[in-house]
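Me: I would like to learn how to read a few local features from a model. Could we go through them one at a time?

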Amino acid sequence: LPQRSLTVPWSRQLSTPIRRVTVAARQIADGNLKERVTEKSTTTEIVELTDTVNSMADSLEKQEALRKRLTADVAHELRTPLATLQSHIEAILDGVWEMDADRLKLCHEETVRLAKIVKSLEELTKYDQESTQLNIKSTNLNGLLGKVAKTFEAEFLRKGVDLTLDLPAKLTHLPLDEDKMTQALNNLVSNGLKFTPEGGTVNLSMEETEKEVCITVADTGVGISEEDLPHIFERFFRADVSRNKKTGGSGIGLAIVKSIVEAHGGRVEVQSHRDYGSVFKVYLPK
């Protein structure tokens, strides 16, 4: 009898939190992504199980929020050119406007905008799907950064912005997908050029530590506001919609950078102040 009196409370102490975790897991599976296990337990295994279920719910909730935001952003991007096309065509059909070359040109421009948005979506989807399909080979980073700088020479000269290259004398080799990493760095340098006014500078540099390599793209451009900074790697996020319309930005360039860098096991960080420029750092493990 004494043994039974000890076993029953212990069993209840073990089974009760497990039942609560089971109920929470079923709620999450049914789509209630805000459900969490809040009861505390003194059993290590139960604590780990609870933490795992809560972490899973956090991840699913974030993914669902991202999916909803992406859907809303895509709808927003498509709405403007579609509305413009519709109004132009209706005006022509109603006889308000004549179907002349100027009107057709406006319609063509909006069609081109739609095509660019679709192409951007396809490009981002491609990088998401191929993130684990990297063509890895030993890559000379000094040479890669030199090629990136060479690619933009004419554009920087035309805008009147200086592009400086600061590389260590020692050659650095890393196992990389050279094409994808070139795309990521091209996006960062292009971004710096877009938002740096005439007379400014974009600096491309590299440093090596014992465990990783840091590639930096720093500009003296318009910078990013503090409230926008946490969101700039999100798909279709544009810190200044009017400014990006002028430069042709679609809002996915930095999202692609993040996707490529993380596929290589690295990370990308940014520091920026409005009117003082931005510094993007790409960290790649050795």
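**Contacts around a histidine**

Reply: With contact meaning heavy atoms within 4.5 Å, His88 touches Trp97, Leu106 and Cys107, leaving aside residues up to four places away in sequence. This is a predicted model, in which local features need pLDDT of at least 70 and side-chain atom pairs count only at pLDDT 80 or more, while totals for chains, interfaces and linings use all residues. Residues are numbered from 1 along each chain as its sequence is written, and side-chain values use heavy atoms, with hydrogens and water left out.

Me: Where is His88 found, and is His88 buried or exposed?

Reply: Buried means under 20% relative accessible area, exposed over 50%, and partly exposed in between, with a 1.4 Å probe and protein chains only. His88 is found in helix H2 (residues 44–93), helices being DSSP runs of H or I with at least four residues, numbered from the N terminus. At 11% relative accessibility, His88 counts as buried, and its contact partner Cys107 is also buried, with a relative accessible area of 10%.

Me: How many disulfides does the structure hold?

Reply: A disulfide is a pair of cysteine sulfur atoms within 2.5 Å, and the structure holds 0 of them. Cys214 is buried, with a relative accessible area of 9%.

Me: What span should helix H6 have?

Reply: The expected span is 1.5 Å times one less than the number of residues, so the 17 residues of H6 (residues 178–194) should span 24 Å, which agrees with the 24 Å between its end C-alpha atoms. Because 12 of those 17 residues are buried, H6 is largely enclosed by the rest of the structure; among the buried residues are Met181, Leu185 and Leu188.

Terms used. Helix = DSSP H or I, 4+ residues; strand = E, 2+ residues; numbered from the N terminus.
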